[in-house]
Amino acid sequence: MHPVAAFSPRPLRIVMPGGSGQVGQVLARYFQERGHHVTVLTRLPYAATYQTVGWDGETVGPWTAYLEGADVCINLTGRNVNCRYTDANRAAIYNSRIRSTRLVGEVIGELADPPKVWLNASTATIYRHALDRPMDEATGELGGHERIGLRRRAPDTWNFSVGVAKDSETAFFAAETPRTRKVALRSAITFSPVAGNAFALLLNLVRLSIGGTQGNGRQFVSWIHELDFARAVAFLISRGDIDGPVNVASPHPLPNREFMAILRDAWGIPNGFPAPAPLIELAAIFMRTESELVLKSRRVVPGRLLDAGFQFNFPTWPEAAQDLVYRWRHRYD
């Protein structure tokens, strides 16, 4: 039986604030294809096979009617972090997450028939820079000002990202929604074979023969295949006994050196020029992004999903990379 079917014998009404980004589109397609009714709340409604409704993420409006009687709310609202952390961008990143979370919580708390479950986007970045051991929900250490070298602590940009994640989760769990179960999705990078996302960026480096080791290559990469991400979300919807923070990541993070070598092998290019940390810092400035996305070690494992019996279709990177590369090559077929 499909995991969602165990949650309800009928098609579910799923409302997704901020669901117009990559991850939102993955989930919307997944649930729509399985017969559920999806409504995406977005600043600019667009044509899709599922319903899109306007909202601004900051004020109550007609969009609240779509949450009344809904089965599931999945809040994915947040400004893209693939940018330079200027004061303006920091404010936009922070406010878009915390304000929307508080708003959704206030609305759900006042509904006559609120969603049974509310899943809210968090991030695996909430954990500290970890080379020494895996970080699960029970024993993982949250980040912020941790030591990352003999004479160096985590830079301000890393601390900012951790702070946003912590404050977002605090706002989420502080919301008074006694009739709605709440799950914080501490998600790793979700890889999809579409242009403009993290997978496309890394694959382009490989194709240009500059997809070698990044930094010293010892930093761990936490990741998840798009299908397993959608399946994990469906699993969490179906499991009424699970609430609180949940790591949504492959059970096998691996060092950047191995990660990039496997991606090169999947594409069929044996070598790639490495990119030392100083070069990455310089490139990040020109690419208008932050080096944290590459240099921070995220060694996150899905302890609660595994303990609950969730089985990954793509638990290891070699098989995931092969599938993603194949689908990338055939994306226009």
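In which loop does Asn197 lie? In this predicted model, Asn197 is found in the loop that runs between β7 (189–191) and α5 (198–207). Asn197 is a buried residue, since its relative accessible area is 9% and the cut-off for burial is under 20%. The side chain of Asn197 is placed against backbone oxygens: that of Ser192 is reached at 2.8 Å, while the backbone oxygen of Val194 lies 3.5 Å from a polar atom of the Asn197 side chain. When residues up to four places away in sequence are not counted, Asn197 touches Gln22 and Ser192.

Gln22 leads on to a helix, α2, which spans residues 22–33. The axis of α2 comes within 10 Å of the axis of helix α6 (residues 226–238), and the two cross at roughly 65°. Because angles of 65 to 115 degrees count as roughly perpendicular, α2 is described as roughly perpendicular to α6. The crossing in which α2 passes α6 is right-handed. On the side of α2, the contact is made by Val23, Val26, Leu27, Arg29, Tyr30 and Phe31; on the side of α6, it is made by Glu226, Leu227, Phe229, Ala230, Arg231, Val233, Ala234 and Ile237. Sorted by class, this contact of α2 with α6 comprises 11 nonpolar residues and three charged ones, with no polar residues.

The crossing of α3 and α4 is right-handed. In α3, the residues that meet α4 are Arg90, Ile93, Tyr94, Arg97, Ile98, Thr101 and Arg102, and their counterparts in α4 are Asp156, Thr157, Phe160, Val164, Asp167, Ser168, Ala171 and Phe172. The residues of the contact between α3 and α4 divide into seven nonpolar, three polar and five charged.

The last stop is Pro278, which lies in helix α8 (residues 277–286). Is Pro278 buried or exposed? With a relative accessibility of 60%, Pro278 counts as exposed, because the cut-off for that class is over 50%. Pro278 can also be located relative to Gly215: the two residues are 63 residues apart along the chain, and their C-alpha atoms are separated by 8.0 Å.

Definitions and conventions. Residues are numbered from 1 along each chain as its sequence is written. This is a predicted model: local features need pLDDT of at least 70, side-chain atom pairs count only at pLDDT 80 or more; totals for chains, interfaces and linings use all residues. Side-chain values use heavy atoms; hydrogens and water are left out. Axes are lines fitted to C-alpha atoms, for helices over the stretch in contact, and angles run from 0 to 180 degrees between N-to-C directions. Helices (H or I, at least four residues) and strands (E, at least two) are DSSP runs, numbered from the N terminus. Angles under 35 degrees count as roughly parallel, over 145 as roughly antiparallel, 65 to 115 as roughly perpendicular and the rest as oblique. A crossing is left-handed if the near helix is turned anticlockwise from the far one by less than a right angle, and right-handed if clockwise. Contact means heavy atoms within 4.5 Å. Ala, Val, Leu, Ile, Met, Phe, Trp, Tyr, Cys and Pro count as nonpolar, Asp, Glu, Lys and Arg as charged, and the others, Gly among them, as polar. Buried means under 20% relative accessible area, exposed over 50%, partly exposed in between (1.4 Å probe, protein chains only). A polar contact is a pair of N or O atoms within 3.5 Å; within protein, one must be able to donate a hydrogen and the other to accept it, and residues adjacent in sequence count only if both atoms are side-chain atoms.
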